[in-house]
Amino acid sequence: MPVVSKLRVVPAHIAQRERQTVRTQIGIVGAGPAGLVLAHLLHLQGIESVVIESRSRKYIEERIRAGLLEHGTVDLLIETGVGKRLQREALTHHGIELRFNRRGHRIDFNDLTGGKTVTIYAQQEVIKDLVAARLEAGLPLIFEASDVSVHNFDGANPSIRFRVAGKAQELHCDYIAGCDGFHGICRPSIPAGVLTEFERIYPFGWLGILAQAPPSSPELVYTYHERGFALLTMRTTEVSRLYLQVPYDEEIDAWSDDRIWSELRTRTAADGNWKLNEGAIFQKGITGMRSYVVEPMQYGKMFLAGDAAHIVPPTGAKGLNLAVADVRIMAQAFAEFYKTGKTELLDRYSEIVLRRVWKAQRFSWWMTSMLHRFDTDNAFDERRQIAELDYVTSSRAAMTTLAENYVGLPWD
Ligand SMILES: Cc1cc2nc3c(=O)[nH]c(=O)nc-3n(C[C@H](O)[C@H](O)[C@H](O)COP(=O)(O)OP(=O)(O)OC[C@H]3O[C@@H](n4cnc5c(N)ncnc54)[C@H](O)[C@@H]3O)c2cc1C
């Protein structure tokens, strides 16, 4: 039977009547770190919100992504009551290693930043904690919404339309928060000509694996090698997260487990008794690398946050942390509006968050440029990169610059 026979053409006025309508203060599109942290902060301020997510709970709680949290992100999660499991299970790191010419050089965050650290706690664990907190509090979080669209955000009556289990719904709200990631619908719904895009696409990607193998080193190891960059990181004391620089158009099928381990051994080789711990690979994939920012991050009554407005290459581990930093400001701006009626902070949202976004962009681009091979035939670039790594690991001023950006610049 042709599928089209199931379709029913409904006149506009009947469609309106059949659509179930609900009202809230802030309509949030997307239950990633940005959307869920925003909803949580708003709840603590007594502001109502509804979170609309296109995927299932299982999907978002299992999606493998970031794993490194800045100290400010960790403090915020703990202070707002969603950091109990993080405090029990996360790994605290006091530094990283930069490795080149077969030698490792430690960047000591404790010493260089007055005791600041970073924390290893997988993004999906942050998501699980936030989802649990929201559902336990009985607050609205809608999964598996389809046909999500945003309306009237340039006027007085913004709304979000969507379907759940085939039923059409419309959420009327005072403001819309577009937290739906890089491929979401909020940013593209802003009229043409309003936004300016800034973009850099890199000629390589990261092949990432999760392996059942204890970390080979207690801290992250960033390796520069003539064959390309490699990163050794971890998710737990039993699971390693390892990355290799590969060409941007590489196919994952070209990388057998043996080839991955062989390449990791070559790139991370070091003098002394260094040994790479190996184990069963249970997840692998290739991610492209790009830097992207859209300005402004607001239009009318819609505000963008996180990957919906900017993407960083993962070398600086800033993506999740920037998403949290954005919504922290957004929540403050909404709180000011509902307490005082003033829109000053809301009006300045984009200007305020973009200062941090561009600093994170600069740092992520710089780390990426220093550690990756852009053109394997270019001997000048190779010497220049080695000289830069030599400088960064021998000058206290340079090490401090890296450390203070890596642990996260001050919030304000
Ligand atoms: C392989 C990889 C490694 C990374 N490593 C790090 C790291 O170490 N450190 C770090 O800080 N960052 C890292 N990042 C980046 C980090 O994961 C992202 O920056 C972060 O997820 C951004 O959060 P977000 O909430 O803005 O967007 P997302 O996490 O993308 O969430 C957006 C949500 O919106 C939903 N959505 C999309 N479209 C719709 C729609 N139409 N309607 C409703 N919902 C919708 C999506 O399903 C999703 O749940 C990494 C990313 C990748 C891919």
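**Rings, sheets and an enclosed space**

R99 lies over the face of W274, 4.0 Å from the ring centre. (A charge counts as sitting over a ring if NZ of Lys or CZ of Arg is within 6 Å of the ring centre and within 35 degrees of the ring normal.) The model is a predicted one, so local features need pLDDT of at least 70 and side-chain atom pairs count only at pLDDT 80 or more, while totals for chains, interfaces and linings use all residues. Residues are numbered from 1 along each chain as its sequence is written, and side-chain values use heavy atoms, with hydrogens and water left out.

Now for rings that meet rings. Rings of Phe, Tyr and Trp (its six-membered ring) pair if their centres lie within 6.5 Å; planes under 30 degrees apart are called stacked, over 60 edge-to-face, and the rest tilted. By this rule the count comes to 19 aromatic pairs. One of them joins W206 and Y243, a tilted pair at 4.6 Å centre to centre with 45 degrees between the planes. It links distant parts of the chain, as W206 belongs to strand β14 (residues 196-212) and Y243 to strand β17 (residues 240-247), 37 residues apart. (Helices, H or I with at least four residues, and strands, E with at least two, are DSSP runs numbered from the N terminus.) W206 counts as buried because its relative accessibility is 3%, and Y243 does too, at 12%. (Buried means under 20% relative accessible area, exposed over 50%, and partly exposed in between, with a 1.4 Å probe and protein chains only.) F303 and F334 make an edge-to-face pair, 5.8 Å centre to centre and 80 degrees between the planes.

On to the sheets, where two strands pair if DSSP finds at least two bridges between them. An open sheet of 8 strands runs β7-β6-β15-β16-β17-β14-β18-β21, with mixed pairing. β7 (103-108) and β21 (310-311) stand at its edges with a single partner strand each, so one side of each has no neighbour in the sheet. Inside this sheet, β14 pairs with strand β18 (residues 280-295) in the antiparallel sense over 14 bridges, and A211 has I281 in β18 as its bridge partner. Another open sheet has 3 strands in the order β4-β8-β5, paired antiparallel. Its edges are β4 (68-69) and β5 (91-93), each with a single partner strand, so one side of each is left without a neighbour in the sheet. β4 and strand β8 (residues 118-120) share 2 bridges, and L68 is partnered with I120 in β8.

The structure holds 2 cavities of 30 Å³ or more. (On a 1 Å grid over the protein atoms alone, a cavity is a set of points where a 1.4 Å probe fits but cannot get out; lining residues have an atom within 4 Å of a point. Grid points are joined across faces, edges and corners, and a volume is the space filled by probe spheres set on the points.) The largest cavity has about 80 Å³ of space, and its lining includes E70, K318, R356 and N405. α12 (349-371) and α10 each supply at least two lining residues, with the largest share, 3 residues, coming from α12.

Note on methods. On a 1 Å grid over the protein atoms alone, a cavity is a set of points where a 1.4 Å probe fits but cannot get out, and a pocket is an open set with protein on both sides within 12 Å along at least five of seven lines; lining residues have an atom within 4 Å of a point.
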